[in-house]
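Okay, thanks for coming, everyone. Let me put the model up, and then I'll walk you through a few spots in it.

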Amino acid sequence: MNYLSVENIGKSYGERILFKGISFGINQGQKIGFVAKNGSGKTSLLNILAGTDTPDEGNVVFRKNLKVAFLSQEPNLDPNLSVEESIFNADSPILKIIEAYEKALLNPDDSDAYQAAFDKMDAHNAWDFETRYKQILFKLKLDDLSQKVKSLSGGQKKRLALANALLTQPDLLVMDEPTNHLDLEMIEWLEALFAKENFTLFMVTHDRYFLERVCNEIVELDEGNLYSYKGNYSYYLEKREARIETETTETGKAKQLFKKELDWMRRQPKARTTKSKSRIDDFSEIKARAHKRRNDHEVQLELNMERMGTKIVEIHKISKSFGDKELFTQFEYNFLRGERLGIIGKNGTGKSTFLNILTGGMQPDSGKVVIGDTVKFGYYTQSGINIKEGQKVIDVIREFGEYIPLKKGRQISAGQLLERFLFDRKKQYDFVEKLSGGERKRLYLCTVLIQNPNFLILDEPTNDLDIVTLNVLESFLLDFPGCVIVVSHDRYFMDKIVDHLFVFRGEGVIQDFPGNYSDYRTYEDSKVIEQRAASAEATSEKKNWKEPAETTKLSYQEQKEHSKLEKEIATLEKKRETLQNLFATESWDGDEIDKQSKKLQEIIDSIAEKEMRWFELSEKLEQ
């Protein structure tokens, strides 16, 4: 079933054309990831699909009565409402029924109102939805329902907007960077939710693992043209590379033909036949094809970084708490040259506080941090660039000097540096306030790197950056000879950059884990399997004949079922892992991908069902 059709739409701001002549459709059940460079109009396109903006040309045709929910980067919430009021304020009849029931619970004396609310819950089968509503709020850590929106942090507002979007049960969910401000646990829960349930999605996200595991189609806007790939992110990468190779070959052929036609044009006969006029008309098209160039620049910088001494950064038994909340206690660590550290943990466990103490922006309650004489920090914070009214892009860089020193006595100008960070000459003289969110982040990253740091600290550097820029940043960091600390919820980025992790577990505990994020997830999953195995072993032990019968909490058949579930879950998890690996290695066509995706979903559903029963039996056993 077709939900909407985009017909030759275009959008521009003044002389700047974002896109033109774009056409595509969205059908029921599609989970589409939209990929494009920063500044090419991704957010504008999402606004058009959500109905909050209109195209300059073309049309978007919606199916009658289509219900669309839009999760924007900057949610538009009423600051005077509470969290609960914001949710019940949504346009959803079933939420209104639950709201009436919740109010009736607060007034038990009014038995008629309670009975009416109870009957409505029954009539509309709202009990399951109420459970879902509470589960979503719990998973997104929106615990204080009475808290006013105006007192929420930016991350809490984004999570509240996400909860609203999910609970309105839209036909189509349009999302702009849905994983921003979510911790890793929330992202993995959201992945599982979208994989399990039949959502129709159209989203922009830089999270490549999220694209891989959620989307069944990737749509790319590249050099003004739209390309569709019926598969996940791995499939898109493979087919995109093949497309670019084909385009390169065609451009080479066009260049040869152009030389031939150019020679003919120079020797053009005076008599203009119909055939020669047609050939002259074709010449312009051949010339355009021959001069087609991909705008895939890479940042290549050999910064004149100061060499580090033997002492880098020493952390001596630091502790920090806020009131009763203990972030870390007596933590100590010595950094070595070239360390590449990732920091992960739930929101509020002290990650940003730790970085502020490390860089001197905050003092620990006890202990100390000793910085080596040769260490020069480059700190990329979540706050981003400080925009000055009327300032142009190139002026931001010139604040650090007209020229930037490189290795071997070379130097480049501020303009050349910006070109390497994908800002062409025209863009350099744009006002900073005109830049997209991703372009501002790229400019801010440039200002951090040009100061020649030898110890980089990047706090959520991937937020709002497009995938092209992320690949560029990854290449730069892989060649960076100094120390790197990365705080990020982008698991793909972490896997590629870091060698070990600080895991902020809360309650004052920081664990040093020797591996990247995927290694850590494998380790955590294995711990769960070991706990299940230990529980199964305990239940399979023979009971002493002298023990009273009432100590056996499970019947014989339930004990057999519990033990059997252990083995079945372990087998299914192996099948799931094998099939997930095949998605990354096999060159399946679209039909085969759909077939294997259904098979994978059946395995995931079976695991969830068996785990639920296993937990029921385990709880009974422990009583």
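Quick definition before I start: when I say buried, I mean under 20% relative accessible area, while exposed is over 50% and partly exposed is in between, with a 1.4 Å probe and protein chains only. Also, this is a predicted model, so local features need pLDDT of at least 70 and side-chain atom pairs count only at pLDDT 80 or more, while totals for chains, interfaces and linings use all residues. Residues are numbered from 1 along each chain as its sequence is written, and side-chain values use heavy atoms, with hydrogens and water left out.

One more bit of naming: helices (H or I, at least four residues) and strands (E, at least two) are DSSP runs, numbered from the N terminus.

So, how many residues of helix H11 are buried? Six of the eight, so to speak: H11 covers residues 351-358 and is mostly covered. The buried ones are Lys351, Thr353, Phe354, Leu355, Ile357 and Leu358.

Next, helix packing. Two packed helices are described by the angle between their axes and the distance between the axes. The axes here are lines fitted to C-alpha atoms, for helices over the stretch in contact, and angles run from 0 to 180 degrees between N-to-C directions. Under 35 degrees counts as roughly parallel, over 145 as roughly antiparallel, 65 to 115 as roughly perpendicular, and the rest as oblique.

Take helix H5, residues 127-139, against helix H6, residues 154-167: the angle is about 160° and the axes are 10 Å apart. That makes H5 roughly antiparallel to H6. Who touches whom, with contact meaning heavy atoms within 4.5 Å? From H5 we have Phe129, Arg132, Tyr133, Ile136 and Leu137, and they meet Ala163, Leu166 and Leu167 of H6. By class, that contact has seven nonpolar, no polar and one charged residues. For the classes, Ala, Val, Leu, Ile, Met, Phe, Trp, Tyr, Cys and Pro are nonpolar, Asp, Glu, Lys and Arg are charged, and the others, Gly among them, are polar.

H5 also packs with helix H3, residues 93-106, at about 85°, again with axes 10 Å apart. That makes H3 roughly perpendicular to H5. On the H3 side you see Ile94, Leu95, Ile98, Tyr101 and Glu102, meeting Trp127, Phe129, Glu130, Tyr133 and Lys134 in H5. This contact splits into seven nonpolar, no polar and three charged residues.

Now the sheets, where two strands pair if DSSP finds at least two bridges between them.

Four bridges join the parallel strands E12 (residues 340-345) and E18 (residues 483-487), with Ile343 opposite Val487 in E18.

Last stop is Gly415, in helix H13 (residues 414-420). Buried or exposed? Gly415 is buried, at a relative accessible area of 5%. Leaving aside neighbours within four places in sequence, Gly415 contacts Ile394, Arg425 and Gln428.

Definitions and conventions
Contact = heavy atoms within 4.5 Å.
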